[in-house]
Amino acid sequence: MTTPLKIAVHGAAGRMGRRVVALASADPSVEVTAAIENDQHELLGADAGELAGVDTLDVPLASKWPTDVDVVIDFSLPDAIDRCIEKCESHDTALVIATTGMTDAQVERLRDASASIPVVWAPSMSLAVNLTMKLAQQITEKLRDVPGGLDIEIIERHHRFKADAPSGTALKFGDLIAEKLGDDTKHVHGREGHTGQRTRNEIGYHAVRVGDNPGEHTIVFGMLGERIELNVAASNRDCYAAGAIAAAKWLIDRPAGMYDMFDVLEM
Ligand SMILES: NC(=O)C1=CN([C@@H]2O[C@H](COP(=O)(O)OP(=O)(O)OC[C@H]3O[C@@H](n4cnc5c(N)ncnc54)[C@H](OP(=O)(O)O)[C@@H]3O)[C@@H](O)[C@H]2O)C=CC1
Ligand SMILES: O=C(O)C1=N[C@H](C(=O)O)C[C@H](O)C1
């Protein structure tokens, strides 16, 4: 039997961190060896397995950076990202980064780090979401020049606790669609007041925050006379956690570089 992959979960007490710990603890090919949290967290010292609702793992929630780790899986906050990148770089540890809402400077920093460590960065680790992104690109390509014009709007729905808007996934859908629409695409966030008619080259974004929705994206392709709507909705967070663990396993054999879930899923 091969040695399990040693994983550290960054943001381990969060909604996503707990699901990564739970799924990883049921997978014999990986082992959670560290659970990282901020140094003020009220649950520091608690067992990561118990927090995740599974067996005791003898892995305490800690803020100190671990040394003996193969891959860090991050689901945290933009404020926590700089340290995470710096530590992975200095410890030569592969990094799966799932946090959304990073600044442009943080993305640049991540790209710099990927010169020396392998990184998977994706706003959605879900297989279904990534497949839907490809479908959205295909539909855009086919309908782009339809007589009467094509209007594309992105509606995302998430739980009331989400801190960033629009979702990282909605923004990625928009970027991928814009690649097919052309360079003059405008990204318009919500509408209010006397906006005038919709222009031809815009993508509209609408962020809905309701209850405990774990993530839903609808891409509307509106034409004169008919409409397509692509909808992809999570019913729980395990699609993201499973995708992140798959990314960690895939990443361990890769050279330094910046990868995404299209690479992991071979799409
Ligand atoms: N790519 C993907 O597939 C997905 C991405 N996400 C993204 O993942 C991120 C986390 O989501 P979610 O789990 O719902 O959020 P939570 O707020 O539930 O979890 C974030 C965790 O990170 C912790 N944290 C804060 N600061 C630090 C630090 N310095 N070091 C380590 N941990 C820290 C938080 O602690 P505290 O509570 O004390 O602040 C919290 O426990 C979001 O950006 C979200 O958009 C979510 C789902 C899927
Ligand atoms: O915060 C969340 O919950 C999610 N965030 C990610 C995003 O911003 O795209 C992914 C998923 O939709 C859940």
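In the residue classes used here, Ala, Val, Leu, Ile, Met, Phe, Trp, Tyr, Cys and Pro count as nonpolar, Asp, Glu, Lys and Arg as charged, and the others, Gly among them, as polar.

## Basis of the model

This is a predicted model in which local features need pLDDT of at least 70 and side-chain atom pairs count only at pLDDT 80 or more, while totals for chains, interfaces and linings use all residues. Residues are numbered from 1 along each chain as its sequence is written, chains are lettered from A and ligands numbered from 1 in the order in which they are written, and side-chain values use heavy atoms, with hydrogens and water left out.

## Domains

The protein chain is assigned domain 1 (5-125 + 237-264) and domain 2 (127-233), with bounds that come from an automatic or database domain assignment. Their C-alpha centres lie 29 Å apart, and eleven residues of domain 1 are in contact with 15 residues of domain 2, where contact means heavy atoms within 4.5 Å.

## Ligand 2

The shell around ligand 2 consists of Thr100, Pro123, His158, His159, Lys162, Asp164, Ser167, Gly168, Thr169, Pro214, His217 and Tyr240, a residue being counted if one of its heavy atoms lies within 4 Å of the molecule. By class, this shell has three nonpolar, seven polar and two charged residues. Because domain 1 and domain 2 both give residues to the shell, ligand 2 lies between them.

Oxygen atoms of ligand 2 are placed 2.6 Å from a side-chain N or O atom of histidine 158, 2.7 Å from one of lysine 162 and 2.5 Å from one of threonine 169. The protein covers 85% of the 330 Å² of accessible area that ligand 2 has on its own, as given by the Shrake-Rupley method with a 1.4 Å probe, for which, in the case of residues, only the protein chains shown count as cover.

## Ligand 1

Ligand 1 is surrounded by 24 residues, of which the closest are Met16, Glu37, Asn38, Thr100 and Met125. By class, its shell has eleven nonpolar, nine polar and four charged residues.

A nitrogen atom of ligand 1 lies 3.3 Å from a polar side-chain atom of histidine 10; on the backbone side, a nitrogen atom of the ligand is 3.1 Å from an N or O atom of alanine 122, and a nitrogen atom is 2.9 Å from a polar atom of proline 123. Of the 920 Å² of accessible area that ligand 1 has on its own, the protein covers 80%.

Key:
Polar contact = N/O pair within 3.5 Å; in protein donor to acceptor, adjacent residues only side chain to side chain.
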